[in-house]
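The sequence and structure come first.

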Amino acid sequence: MASELIVIFVGAALINNVVLMQFLGICPLLGVSRTLSMAKGMGAAVIFVMAISSMVTWGLQHYVLEPMSIEYMQTVAFILVIATLVQFVEMVMLRYSPALYRALGVYLPLITTNCAIMGVALLNIRDNYGFIETVSHAVGSGLGFILAIILFAGIRERLERADVPAPMRGTPIALVVAALLSMAFMGFAGFGVADMFGL
Amino acid sequence: MVQAALTLMVLGLLFGLGLAYASRVLAVKQDERIEAIEERLPGANCGACGFAGCTSFSEALVEGDAQVKACTVSGSDVLASIAEILGEDIDLSGEREVAVIRCRGTEEAAKVRFRYEGIADCAAAAQVGGGHKACEYGCLGQGSCVEVCPFDAIEMGPDGVPVVDEARCTGCGNCVEACPRDIIAVLPENRQVFLLCMAELGPREARQICTNACLGCGLCARRCPQDAIVMENDLPVFDFEKCDGCGTCVEVCPADSLRRSAVWGNDDEAAG
């Protein structure tokens, strides 16, 4: 059981990295990665919402949608859950941790439209994960997102000072960097996590 | 079908009620001065004060993290009433600032390297091959400054370069940020002379790409009776402490790259 969880966790974070291998959550990757501090804020908010929304949507799927056999309403219902959760998390943070609320700022509401959150919630169901596996997968994916966005932001900060040819400045070079990062992560493909840890 | 719709409605209702309840339980007590100040602020959320909007500006004011005067949009009576709420005294003297478009690279004057047919947005245009204008300092004419102006104070002129309505401009500086080429600057309205070109180019290059470009010839610097002008990177730099607004530089400029402000006898010919 434990070994399976580690496989799911490492698989989600590295081998099937949400951003660089599954191409989910590209918008925040490009939009909120200009500075390292912004990337950290966005990453923290995403992993938080991703973990909670995965748990809630798992419950919704297995205890509401399936018993009533309306699984086809999955997408609508999940969006409802994610939007509500983001609002709720915002309120809780404002009340109990205004400092964190201010640090995350506008990135918190932006998560509502982050497709990585929705994607992970749907993958949990597609892969028939149990509750614990779902949590492991969600946290792993969240860490993968943080890893990708922080790596990307770090490179972009250095790019600001690099001598990039004029026509490639800005978005073009950012896209090239994203592609190179994604290729680097392809190196993990086919990696046997179980062998790696001797499980 | 009916069942699915009903279930979703119930779910939505539950979530909605939950949020409504949560917002009441988790409500944060706000300083009532914040609301009072916000009511007096213009509500344009232009960001000139450096905060995300009028709400966060009022919060910062109450916390003492901001200056009342940072709001360039409100008139002096509004600022005074806000200062009163905060129990502060403020000195409201100071010059009004307006946005100045420092490019005259109109469609007629400026050479174009290729035809740009992308999104009507200056930042996007600047990223396509370094911009379609031959001048890498020039206005791209896509009107991003017009878009972001919360006060409708900028209009796209008929010749492809924006024009500022100085009566409406509040000096909030949104256009300065929107311009990818740093052509727009917020400057004191009554400044003696405005330089209307940003091209750091020598005479030959400048002539080739734009007939309205500053040639960097330095005639203004040589003729200035007050020695208030020095040439840096082929552009004149003014020392407004020394300048007495005589207007010699404007008269001698062979490229008409300088303009006097209204107070200093602008005859409106060089405007735009």
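Helices (H or I, at least four residues) and strands (E, at least two) are DSSP runs, numbered from the N terminus. This is a predicted model, in which local features need pLDDT of at least 70, side-chain atom pairs count only at pLDDT 80 or more, and totals for chains, interfaces and linings use all residues. Residues are numbered from 1 along each chain as its sequence is written, chains are lettered from A in the order in which they are written, and side-chain values use heavy atoms, with hydrogens and water left out.

**Helix 4 of chain B**

Helix 4 of chain B covers residues 76–86. Buried means under 20% relative accessible area and exposed over 50%, with partly exposed in between (1.4 Å probe, protein chains only).

| Side of helix 4 of chain B | Residues |
|---|---|
| Buried | B:Leu79, B:Ile82, B:Ala83, B:Leu86 |
| Exposed, turned away from the buried side | B:Asp77, B:Glu84 |

The buried residues fall within an arc of 100 degrees seen down the axis of helix 4 of chain B, so they line one face of the helix; the arc is that of the directions from the helix axis to the C-beta atoms. They pack against helix 2 (32–40) and helix 3 (54–63) of chain B, where contact means heavy atoms within 4.5 Å. Just after helix 4 of chain B, B:Gly87 has a positive phi of about 70 degrees.

**Chain A and chain B**

In chain A, 23 residues are in contact with 18 residues of chain B.
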